Structure formats: structure tokens, C-alpha cells
Amino acid sequence: PAPTPAPTPAPKPAPGLSPQCQPDHERFKNYCPSYKQHCGPNTNLDQVPILEVCATTCGMCEVPAPCWDEFGSTCELYAPYRDQYCGNPLVKLGGMAFATAC
């Protein structure tokens, strides 16, 4: 029998582009534009991170790629206590010191 050819490697992003730069997933590409305002690290579409399935729509192919505020709403909630929490190394958000996260 003939040997099985090696699988085709995934295309590499162009130089300078983020490794997360991928075309919008076929299953979601018609929905991505409607959800662009929700792009961020804490949003899922059908239990899949939006930054993976709508990478192009969410700007992951821009140079540089967007910087997402992961804790924005939490930081706003705790803003009145900022002075109390910033100096305390035991207060963390997502494993990150409060002062760094906010």
C-alpha cells in the first residue's frame, strides 16, 4: 500500500500578527459581527471563547492585538475600597494582585 501522507500543517499567521489571528470559525462567522461589542476574554458563544471563534471580528489580527480589561467591572465594583485593597498582597483577582489587576 502507498504510504499515508503527513497531515497539512495549520497556516502560520503573517509576521507580526498574533498567534490568535485566525479566520472567524465557519460555524459562527455569520454571528460574529452581531457580537463584536461583546468581544473580550470573558465572553463565550455556545460555550466557546469568542476570541477563538470570532478572532478576526474581535481584532485578534490587528497589530498589536487588542488588550482586554479582564476585571473592569469587578474593579469598578470595588473602587470605593481601592485604598484598602491595593496595599494588601492577599487580595487577588484571578490570581493577580489587586493593585496589578485594577
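This is a predicted model: local features need pLDDT of at least 70, side-chain atom pairs count only at pLDDT 80 or more; totals for chains, interfaces and linings use all residues.
Residues are numbered from 1 along each chain as its sequence is written, and side-chain values use heavy atoms, with hydrogens and water left out.

The protein chain holds four helices and four strands, these being DSSP runs numbered from the N terminus (H or I of at least four residues for helices, E of at least two for strands). Read from the N terminus, the order of the elements is β-β-α-α-α-β-β-α. Of the 102 residues in the chain, 24% are buried, where buried means under 20% relative accessible area, exposed means over 50%, and partly exposed lies in between (1.4 Å probe, protein chains only).

The largest nonpolar core has eleven residues, namely F28, C32, C39, L45, I50, L51, V53, C54, A55, C58 and M60; such a core is a set of buried Ala, Val, Leu, Ile, Met, Phe, Trp, Tyr and Cys residues joined through side-chain atoms within 4.5 Å. Helix α1 (residues 50–53) gives the largest share of this core, three residues. Apart from this core lies another, of six residues, including F71, C75, V91 and A101.

D24 is found in the segment before β1. This residue is buried yet has no salt bridge, and the nearest side chain of opposite charge, that of K29, is 9.0 Å away; a salt bridge would need a side-chain nitrogen of Lys or Arg within 4 Å of a carboxyl oxygen of Asp or Glu, and for charge Lys and Arg count as positive and Asp and Glu as negative, with His and the chain ends not counted. The side chain of D24 does, however, reach the backbone nitrogen of T56 at 3.0 Å.

Most residues other than glycine have a negative phi. In the loop between β1 (44–45) and β2 (48–49), D46 has a positive phi of about 50° although it is not a glycine. Q47, placed in the loop between β1 and β2, has a positive phi of about 70° and is likewise not a glycine. Q47 is exposed, with a relative accessible area of 76%.

Conventions: A polar contact is a pair of N or O atoms within 3.5 Å; within protein, one must be able to donate a hydrogen and the other to accept it, and residues adjacent in sequence count only if both atoms are side-chain atoms.
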